[in-house]
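Subject: Structure handover

Hello,

Here is the structure you asked for, with the sequence alongside. My notes on what was found in it follow below.

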Amino acid sequence: YILIKFAQSILEVCEKNGRKKPGEAHAKTVATIFVDADNNKATGGEEFFSKRSGFECKIEVWSGVAKTDGSMSVSGGSYMTDVAPGAVLEYFLEAIPSKFNAVKNELHTDFAQKLKSNEDFEYVAFVGNVLEMRIPFKKIGTEMSKAKAIRVLLSENGSGLGEKSFSEEVVAQVQ
């Protein structure tokens, strides 16, 4: 599984992103995780901003906001405009996987595989500043049977574009 520790509380990030203007509730991309399932930079797709290559999948992590009465929910770059002053909102995260399409030479987003922290507890959860994702590799179309190590790269959105928004690459041995 993937465990990410953010500098501040994930709920605080969601709330800060969510309340930008009176009467509105916003959601946005929080982070993007790139996974190289075979630790081979010659296979897989290229990350656009950093030009790092070899990624078989990408997982976008979006903040989401919902009215507690269940009448409306948005995520990603969406927002609601009919939020009453003092309305209580619920915040959640979504993980949206993309898998590498070798024919098109691109990472293709598959919204049908979306997982929400307020519905898919066993796959996506957060407490404090820790995000935990237990997304099966078969769900993102990645074969792990021959992998001895995987390479992971994190881009924290909102920290600027380009190389500075990326973490150091992490290589983990598969057991």
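A polar contact, as used here, is a pair of N or O atoms within 3.5 Å, and within protein one of them must be able to donate a hydrogen and the other to accept it. Please keep in mind throughout that this is a predicted model.

The side chains of S98 and T109 are joined by a polar contact of 2.9 Å. S98 sits in strand β9, which covers residues 89-101. Its relative accessible area is 1%, so S98 counts as buried, the limit for that class being under 20%. Setting aside residues up to four places away in sequence, S98 touches E56, C57, K58, L107, H108, T109 and D110.

The chain overall

The protein chain has 1 helix and 15 strands. Of its 175 residues, 43% count as buried. The chain exposes about 9,900 Å², and carbon and sulfur atoms supply 51% of that area. Taking contacts between residues at least 6 apart in sequence, 64% join residues that are at least 24 apart.

Strand β6 and its partners

Strands of a sheet pair through backbone hydrogen bonds, in either a parallel or an antiparallel sense. Strand β9 pairs with β6 in the antiparallel sense, over 11 bridges. Within that pairing, A66 has E90 of β9 as its bridge partner. β6 also runs antiparallel to β3, with 6 bridges between them, and there V35 stands opposite C57 in β6. A further 3 bridges join β6 to strand β7 (residues 73-75), again antiparallel; here A66 stands opposite S73. β6 and β7 make a hairpin with 5 residues between the strands, in which G70 takes a positive phi near 80°.

How much of β6 is covered? Of its 11 residues, 11 are buried. This holds for both faces: C57, I59, V61, S63, V65 and K67 are buried on one side, and K58, E60, W62, G64 and A66 are buried on the other.

Aromatic pairs

A search of the whole structure finds 2 aromatic pairs. One is formed by F34 and F55; this pair is tilted, with 5.4 Å from centre to centre and 50° between the planes. F34 lies in strand β3 (residues 29-36) and F55 in strand β5 (residues 53-55), so the pair ties together parts that are 21 residues apart in sequence. Both F34 and F55 are buried.

The other pair is W62 with F111, also tilted, at 5.9 Å centre to centre and 50° between the planes. W62 belongs to strand β6 (residues 57-67), while F111 is in the loop between β10 (106-109) and β11 (115-116), so this pair links parts 49 residues apart in sequence.

The three-stranded sheet

There is also an open sheet of 3 strands, in the order β1-β13-β12, with antiparallel pairing. β1 (2-5) and β12 (124-127) stand at the edges with a single partner strand each, so one side of each has no neighbour in the sheet. On average, neighbouring strands of this sheet are turned by 15° against each other, direction ignored.

β1 is joined to strand β13 (residues 130-133) by 4 bridges, and I2 has M133 as its bridge partner in β13.

The turn at G128

β12 and β13 form a hairpin with 2 residues between them, and G128 in the turn has a positive phi of about 60°. What does G128 touch beyond its neighbours within four places in sequence? It is in contact with S9, I10 and L11. The C-alpha atoms of G128 and S9 are separated by 4.8 Å, although the two residues are 119 apart along the chain. G128 has a relative accessibility of 40%, so it counts as partly exposed.

Regards

How values were computed:
Residues are numbered from 1 along each chain as its sequence is written. This is a predicted model: local features need pLDDT of at least 70, side-chain atom pairs count only at pLDDT 80 or more; totals for chains, interfaces and linings use all residues. Side-chain values use heavy atoms; hydrogens and water are left out. Buried means under 20% relative accessible area, exposed over 50%, partly exposed in between (1.4 Å probe, protein chains only). Contact means heavy atoms within 4.5 Å. Two strands pair if DSSP finds at least two bridges between them. Axes are lines fitted to C-alpha atoms, for helices over the stretch in contact, and angles run from 0 to 180 degrees between N-to-C directions. Accessible areas come from the Shrake-Rupley method with a 1.4 Å probe; for residues, only the protein chains shown count as cover. Rings of Phe, Tyr and Trp (its six-membered ring) pair if their centres lie within 6.5 Å; planes under 30 degrees apart count as stacked, over 60 as edge-to-face and the rest as tilted.
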